[in-house]
Amino acid sequence: MDIGASLKAVRKMKGLSQRELAKRAGVTNSTISMIEKNSVSPSVSSLKKVLSGIPMSLVEFFSIGESASAEQKIVYRANELLDIGTGALEFKLIGRDYPNRAMSVMSETYPPGADTGEEMLKHVGEEAALVISGKFELTVGDDVFVLEAGDSYYFNSELPHRFRNPFEEPCQLVSATTPANF
């Protein structure tokens, strides 16, 4: 997906100038311009922040142009999962078109060096996950934790948090967040 072109199209569809979107999202005009020109690849937290000025969720953004299924799906095959990650991060959303989802469930992959961004994430709800393979670093508030395969976490998402993999092997986990804001 061309994130820059999609952001520009959504911004124009909503009748917003780059300046107005930047003001609403609390970022600089140049940030919007650089994302739209694909001169930068925004982190998940940065893209969420920009989309909050529209307002639009990551799922809505990454689902643009996809038609809704007439029949409710129960099983989602691996190739049908919507990847809402940015840069090197892979966040595959399970049940993307389930009506009125109460939670977001994702298969997440953090390659070596991957990071959700220096800006801490913060949103209403709760998060939980189980590490399937590898290890990664979770920061919640001022606390930093290293989690390995078999470890898990559960915390209030209103606390500032960040995910990164400073290790030499990829890390895979399955996560859930409420409400379904992804």
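A polar contact is taken here as a pair of N or O atoms within 3.5 Å, where within protein one atom must be able to donate a hydrogen and the other to accept it, and where residues adjacent in sequence count only if both atoms are side-chain atoms. The structure is a predicted model, in which local features need pLDDT of at least 70 and side-chain atom pairs count only at pLDDT 80 or more, while totals for chains, interfaces and linings use all residues. Residues are numbered from 1 along each chain as its sequence is written, and side-chain values use heavy atoms, with hydrogens and water left out.

A polar contact of 2.6 Å links the side chain of Glu 137 to that of Arg 164. Glu 137 lies in strand 5, which spans residues 135-140; strands are DSSP runs of E of at least two residues, and helices are runs of H or I of at least four, both numbered from the N terminus. With a relative accessibility of 14%, Glu 137 counts as buried, a term that denotes under 20% relative accessible area, as against exposed for over 50% and partly exposed in between, with a 1.4 Å probe and protein chains only. When neighbours within four places in sequence are set aside, the residues in contact with Glu 137 are Val 144, Phe 145, Arg 162, Phe 163, Arg 164, Pro 166 and Phe 167, contact being heavy atoms within 4.5 Å.

Aromatic rings of Phe, Tyr and Trp (its six-membered ring) are paired if their centres lie within 6.5 Å, and planes under 30 degrees apart count as stacked, over 60 as edge-to-face and the rest as tilted. By this rule there are seven aromatic pairs. In the pair of Tyr 153 and Phe 155, the ring centres are 5.5 Å apart and the planes stand at 35°, so this pair is tilted. Tyr 153 is buried at 8% relative accessibility, and Phe 155 is buried at 9%. Both belong to one aromatic cluster, formed by Phe 91, Tyr 110, Phe 136, Tyr 153, Phe 155 and Phe 163.

Turning to the backbone, most residues other than glycine have a negative phi, and most peptide bonds are trans. A cis peptide bond, with omega about -15°, joins Ile 54 and Pro 55, and Pro 55 is placed in the loop between helix 4 (44-52) and helix 5 (58-62). The bond from Thr 178 to Pro 179 is also cis, with omega near -15°. Asn 38 has a positive phi, near 60°, and is partly exposed, with a relative accessible area of 43%.
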